[in-house]
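This report covers a predicted model.

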Amino acid sequence: MIYKIRVILDAEEDIFRDIEIDAAYSLEEFHNAITQSFGFDGNEMASFYTCDADWNQDEEIALFDMNEGGSDVRLMNESFLEDVLTRHTPKLIYVYDFLSMWTFFVELADIVEKEDGRSYPNVLFSFGELPEFPPEKNFEAEKTVDLDNSFENYDDFDFDENWN
């Protein structure tokens, strides 16, 4: 089977690539297709992350295992699209270059039959130009607590009485 997948840069502007790829290919082959379609050299570390329907990040699938003694990290070359991306779990997050944090939303759009004479992976559609620098990430909590006004009088804490 052939997967038709949209890969969207996490940015204010619309920048995406529609890629068709054999479902039996590894995530490493998919990683290579993504880097080529966006014009990256492919020499940086990258990971896919499974996620839920709301894009909440879950399990990492790394390009390389960076732990010295080995670990239980799933690797791209041992993980296959058809095992990770399905109609029931159609989304992944892809991060390229952990210093720059190019972040992409990956979504399965369709599953079709393989066409004779067509080579895969194949970029079906390309929209928007990759900016020179990755979009800035805003890492902030959903709720904030105003600590300045939370405590009227620190003497009420009885630190001296309850201190061991």
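The largest nonpolar core has 31 residues, and Tyr3, Ile5, Val7, Leu27, Phe30 and Phe48 have the most contacts inside it. At least two residues of this core come from each of strands E1 (2–9), E2 (16–22), E3 (46–51), E4 (57–62), E6 (91–96) and E7 (102–112), and from each of helices H1 (27–38) and H2 (81–84). E7 gives the largest share, five residues.

Leaving aside residues up to four places away in sequence, Ile5 touches Arg17, Asp18, Ile19, Ile21, Phe30, Leu81, Leu85, Val106, Glu107, Leu108 and Ala109.

Helix H1 has twelve residues and spans 16 Å from its first C-alpha to its last, close to the 16 Å expected at 1.5 Å a residue. Its buried residues include Leu27, Phe30, His31, Ala33, Ile34, Thr35, Ser37 and Phe38. Gly39 follows H1 and has a positive phi, near 85°.

Strand E2 is largely enclosed by the rest of the structure, because seven of its seven residues are buried. Side chains in a regular strand alternate between the two faces of the sheet. In E2, Phe16, Asp18, Glu20 and Asp22 point one way, while Arg17, Ile19 and Ile21 point the other way, and all are buried.

| Strands | Sense | Bridges | Bridge partners |
|---|---|---|---|
| E1 and E2 | antiparallel | seven bridges | Ile8 and Phe16 |
| E2 and E8 (residues 122–127) | antiparallel | five bridges | Phe16 and Phe127 |

E1 and E2 form a hairpin, with six residues between the two strands. Phe16 has Phe127 as its bridge partner in E8.

Key
Residues are numbered from 1 along each chain as its sequence is written. This is a predicted model: local features need pLDDT of at least 70, side-chain atom pairs count only at pLDDT 80 or more; totals for chains, interfaces and linings use all residues. Side-chain values use heavy atoms; hydrogens and water are left out. A nonpolar core is a set of buried Ala, Val, Leu, Ile, Met, Phe, Trp, Tyr and Cys residues joined through side-chain atoms within 4.5 Å. Buried means under 20% relative accessible area, exposed over 50%, partly exposed in between (1.4 Å probe, protein chains only). Helices (H or I, at least four residues) and strands (E, at least two) are DSSP runs, numbered from the N terminus. Contact means heavy atoms within 4.5 Å. The expected span of a helix is 1.5 Å times one less than its number of residues. Two strands pair if DSSP finds at least two bridges between them.
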